[in-house]
Amino acid sequence: MKNMLILGAGSAGTIMSNHLRKKLDLNEWQITIIDKDDVHYYQPGFLFLPFGEYTEKQVKKRTDKFLHADVKYIHSPVESIEPEKNRVHLKGGSGVDYDVLIIATGSHIAPQETEGVLGPLWRKDIFDFYSFDGATALRDKLANWEGGNLVVHITEMPIKCPVAPLEFTFLADDFFKKKNMRDKVKITYVTPVDGAFTKPTASKKLTYLLEEKGVNVVPDFYIEKVDNEKKVIVDYGGKEVAFDLLVTVPTNMGSEIMERSGLGDDLNFVPTDNQTLQSKAHENIFVIGDATDLPASKAGSVAHFEAEILTKNILHYIKGEPLTASFDGHSNCFIETGDGKALVIDFNYEQEPVEGTFPFNKLGPLNLLKESKLNHWGKLAFRQVYWKMILPAKKIPFVGAEMSLKGKKIVGKK
């Protein structure tokens with residue numbers, strides 16, 4: 001029997017296992033998935049944990065809950081991949097052979113990459129919210145924080161969900177207003193890019209919202225270090241931004257497995273064909289989700305769309321056919337803007353975020369690039385969609401892998 005091996009049982013790996021078990025001949029193929037963690041986190045929920053809007057139970061469940069009985073689950077750390085022998089080595093010395101390998105090992109924060117982040121103020125006055133432990137520790141800090149300079153900071157791109165630091169900033173503004181202490185908090189948003197977001201159309205809209213909420217924006221800031229004694233972040237040009245509470249998004253990196261296996265770039269992301277999702281180095285290795293080096297957002301919606309394309313190409317590959325399915329970089333996401341509102345953006349590799357309605361032409365019910373309370377409720381409802389539809393690889397009606405411009409308006413065009 002041939003082995004379809006998936007590394008990683010996070011969003012991308014779990015979705016792929018559930019797509020493939022429906023499409024492969026299971027008399028011919030064994031689907032195996034390996035992961036060291038036995039807890040599956042709903043990572044978009046980390047945004048809400050610091051503000052007490054989600055409970056811990058709402059963002060984590062058992063990993064095996066979403067893996068079908070047809071899929072063999074190996075709960076173990078992976079030591080390395082040996083692509084020349086089509087073999088994955090597990091910690092402890094055992095190994096697993098494969099005929100086709102899918103790398104879905106995701107990405108993680110690497111605070112050690114910046115001098116001073118893991119200094120004496122770590123998890124005291126310096127926090128992240130891109131991890132479960134970081135988000136819950138920040139929740140405890142915010143519950144009793146009396147105010148001062150709050151700095152929300154991005155170390156470098158790419159990061160998971162590029163809009164999440166903006167969302168955190170908007171929700172912090174709302175959080176302190178509700179606590180009647182917004183006047184005691186100065187919020188500064190510090191980013192290495194030249195605006196609020198990587199896409200200029202959305203950046204213009206989001207920068208306006210930051211300014212409207214009294215948030216100071218410091219662009220083009222390339223951090224060199226955190227000075228724990230002076231409580232400032234310092235960029236390579238010597239610019240300093242003072243903080244009383246620093247909420248930082250550390251460098252995001254791919255799995256160390258890729259470094260040990262010689263498969264990753266400088267940040268351990270795997271060089272991947274933008275359209276086919278095939279490894280550029282090995283034809284029987286495919287890559288999905290945050291593990292890739294694609295110029296697409298590292299977000300759950302991207303992994304969801306990629307999985308549809310990758311499933312088709314894997315079926316082509318095992319039949320010896322050309323890989324004709326093509327991923328266009330499609331991403332859509334809700335952006336929480338505070339005050340019970342959110343906006344939605346929809347874009348891909350080539351297309352800037354557009355105006356219009358989503359998912360239905362003219363009917364919506366969600367508006368693109370416009371704040372609304374309905375968009376906010378859509379964001380909250382997405383948690384159940386994630387657990388009950390996205391992870392089990394069920395089709396979401398009217399939401400396709402390819403971006404549609406039907407009924408949409410390209411910003412700036414008449």
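The legends below describe close-up views of a helix pair and of a sheet in a predicted model.

In this predicted model, local features need pLDDT of at least 70 and side-chain atom pairs count only at pLDDT 80 or more, whereas totals for chains, interfaces and linings use all residues. Residues are numbered from 1 along each chain as its sequence is written, and side-chain values use heavy atoms, with hydrogens and water left out.

**View 1. Packing of helix α3 against helix α4.** Helix α3 (residues 164-178) packs with helix α4 (residues 200-212) at an angle of about 25°, and their axes lie 11 Å apart; helices are DSSP runs of H or I with at least four residues, and strands are runs of E with at least two. Because angles under 35 degrees count as roughly parallel, α3 is roughly parallel to α4.

**View 2. Residues that meet between α3 and α4.** From α3, L166, T169 and F170 meet L206, L209 and L210 of α4, where contact means heavy atoms within 4.5 Å. By class, this contact of α3 with α4 has five nonpolar residues, one polar residue and no charged residues.

**View 3. The open sheet β15-β16-β17.** Three strands form an open sheet in the order β15-β16-β17, with antiparallel pairing, two strands being paired if DSSP finds at least two bridges between them. The edge strands, β15 (223-227) and β17 (240-242), each pair on one side only, and the twist averages 20° from one strand to the next.

**View 4. Pairing of β16 with β17.** Strand β16 (residues 232-235) and β17 run antiparallel and are joined by three bridges; the bridge partner of V232 in β17 is A242.

Key:
Axes fitted to C-alpha atoms, helices over the stretch in contact; angles between N-to-C directions. Parallel < 35°, antiparallel > 145°, perpendicular 65-115°, else oblique. Nonpolar A, V, L, I, M, F, W, Y, C, P; charged D, E, K, R; others polar.
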